[in-house]
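Trainee: Could we go through this one together? I have the sequence and the picture open.
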Amino acid sequence: MNFTHVNAANQPTMVDVGAKPPTRRVAVAHCRVVLGAELLGRVQAGEMPSHKGPVIHTAILAGIMGAKRTSELIPLCHPLGLDDCKIIIEPDGPDALRVECTAVVTGRTGVEMEALTGATVAALTIYDMCKAFSHDITIEGVQLIAKTGGKRDFLRSENS
């Protein structure tokens, strides 16, 4: 198997997807933001005063905005007009939040990078908005969970 973004002269190149037929493509990625039990409780209770708005709502908006701008962040990533992008943020155990991003496009290339970027930007926003209360926050387990609609589908097993 070869890298897709390198040409015969071993130079970086954008993948030409022009001949591929558009298909519906969906990707789901997630990560976990470990805040600690006390800080998680404050976030859930809405006790985090901010001019940006509530932590969870602001992180959802940031994640969607990040997914939409993925091609500006990742070299050679095709710009995509997303059909849909959803961010779900929910408790994950007594001290963490699970951030999940689902990105959808009808196009010639996949949306894995958009889903990963959306989840990560949402997590970074949570960190940013909570860091005044604690720097002992970690973002972990950023990973693609599933993708459909390209050359091959992918579904991560629950044990991975």
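Mentor: Of the 160 residues of the protein chain, 37% count as buried, where buried means under 20% relative accessible area with a 1.4 Å probe and protein chains only. This is a predicted model, in which local features need pLDDT of at least 70 and side-chain atom pairs count only at pLDDT 80 or more, while totals for chains, interfaces and linings use all residues. Residues are numbered from 1 along each chain as its sequence is written, and side-chain values use heavy atoms, with hydrogens and water left out.

Trainee: How many helices and strands does the protein chain have?

Mentor: The protein chain has four helices and five strands, which are DSSP runs numbered from the N terminus (helices are H or I with at least four residues, strands are E with at least two). From the N terminus on, the elements run β-α-α-α-β-β-α-β-β.

Trainee: And what order do the strands take in the sheet?

Mentor: The five strands form an open sheet in the order β2-β3-β1-β4-β5 with antiparallel pairing, and two strands pair if DSSP finds at least two bridges between them. Because β2 (84-91) and β5 (154-155) stand at the edges with a single partner strand each, one side of each is left without a neighbour in the sheet.

Trainee: Which strand pairs with β2, then?

Mentor: That is β3 (residues 96-107), which pairs with β2 in the antiparallel sense over eight bridges, and Cys-85 stands opposite Ala-103 in β3.

Trainee: Changing topic, what is the span of the C-alpha trace?

Mentor: Along its principal axes the C-alpha trace of the protein chain spans about 55 × 35 × 30 Å.

Note on methods: Buried means under 20% relative accessible area, exposed over 50%, partly exposed in between (1.4 Å probe, protein chains only).
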